[in-house]
Amino acid sequence: MLLLAVARVDDVLSAFDRPYGEAVTDGPPSWLGDSGRERWPALPLSARPAFLASRLLTRRLLAAATGLPMSRWQVSAQSNAAPLASLCDEGRRLGDADALAHVSLPCASLAHRLGWVAAAVIDGGDSVGVDLEFERPPRSEAGERAALMLADSELEEWRLLPEPARAPALLRSWVAKEAWFKASPAGDAAWDFRRVVARASAPARANVRVWRSAALHVGLCCGDADALARVACDGLPADQPADSSFWHVRGLD
């Protein structure tokens with residue numbers, strides 16, 4: 001099962017009991033996960049709501065994917081590393097052998113940006129990656145950004161686009177490549193996105209799907225093309241039209 005959800009940070013935090021909200025200013029909650037509790041003291045207060053909300057949303061999807069309650073799940077993630085889901089029993093973290101005896105641990109991915117969070121979960125041993133971005137006033141010239149993130153062939157095609165289409169195309173390419181990077185085994189994917197190509201694809205060949213709703217762009221990478229074609233992006237703004245496109249992303253040799 002492949003699940004994907006996006007939500008506003010405030011909506012995620014308000015949906016839970018008071019202790020979750022208090023944890024933004026108090027000490028880290030026990031469900032946060034080992035690495036999360038280690039990172040907590042160094043997090044600025046302004047960063048803590050999104051940090052908590054992304055992990056809460058991930059736990060919600062883990063519960064939906066497995067049928068196990070949220071209270072059984074911890075999510076740990078070092079900075080710039082994929083999150084790891086682990087099972088707990090009565091507040092005690094289970095070892096891998098114990099966890100696998102109960103259920104095959106799903107893979108998860110999370111992201112947060114500008115007051116929004118995204119989470120994706122997949123079971124069955126597949127990997128998954130998610131990213132989200134917003135269209136907003138640029139801090140640099142579009143051509144400079146394009147030259148830093150597009151392969152040569154992509155850059156030539158991008159320069160032929162009408163001016164209004166260029167910024168959205170850059171964000172679509174970014175979230176597609178970032179989701180693919182997150183789903184790739186550590187050390188296997190190029191950090192330099194100029195060495196990565198994203199091409200529009202038929203759903204049957206796609207490994208990435210991108211949703212756009214107004215200024216919000218969400219990218220999801222999964223090796224199961226059928227699951228990618230079936231999945232819905234829950235939580236997109238209901239008052240805004242949304243569309244999605246399919247992509248095949250790969251690293252250059």
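Which exposed residues does the face of helix 6 turned away from its buried side carry? They are Glu 144 and Leu 148. The legends below describe close-up views of a predicted model.

**View 1. The two sides of helix 6 (residues 142–149).**
Ala 142, Ala 146 and Met 149 are the buried residues in helix 6. Down the helix axis these buried residues fall within an arc of 80 degrees, so they line one face of helix 6. They pack against helix 7 (152–159) and helix 8. Exposed Glu 144 and Leu 148 sit on the face turned away from that buried side.

**View 2. Packing of helix 6 on helix 8 (residues 163–183).**
From helix 6, Ala 142, Arg 145, Ala 146 and Met 149 take part in the contact; from helix 8, Leu 170, Ser 173, Trp 174 and Lys 177 do. By class, this contact holds five nonpolar residues, one polar and two charged.

**View 3. Packing of helix 7 on helix 8.**
Here the angle is about 155 degrees, and the axes of helix 7 and helix 8 lie 10 Å apart. Helix 7 is thus roughly antiparallel to helix 8, angles over 145 degrees being counted in that class. The crossing of helix 7 and helix 8 is right-handed. Helix 7 contributes Glu 154, Trp 158 and Arg 159, which meet Arg 166, Ala 169, Leu 170, Ser 173 and Lys 177 of helix 8. Four charged residues, three nonpolar and one polar make up this contact.

Is Glu 154 buried or exposed? Its relative accessible area is 6%; under 20% counts as buried, so Glu 154 is buried. Neighbours within four places in sequence aside, Glu 154 is in contact with Met 149, Ser 173, Lys 177, Val 196, Val 197, Ala 198 and Arg 199. Among these, Met 149 is a buried residue of helix 6, while Ser 173 and Lys 177 belong to helix 8. Arg 194 is 40 residues from Glu 154 in sequence, and their C-alpha atoms are 9.0 Å apart in space.

Technical notes:
Residues numbered from 1 in each chain as written. Predicted model: local features only at pLDDT ≥ 70, side-chain atom pairs only at ≥ 80, totals over all residues. Heavy atoms only, no water. Axes fitted to C-alpha atoms, helices over the stretch in contact; angles between N-to-C directions. Helix = DSSP H or I, 4+ residues; strand = E, 2+ residues; numbered from the N terminus. Contact = heavy atoms within 4.5 Å. Nonpolar A, V, L, I, M, F, W, Y, C, P; charged D, E, K, R; others polar. Buried < 20%, exposed > 50% of the residue type's maximum accessible area, 1.4 Å probe, protein only. Arc of directions from axis to C-beta. Parallel < 35°, antiparallel > 145°, perpendicular 65-115°, else oblique. Left-handed = near helix turned anticlockwise from the far one by under 90°.
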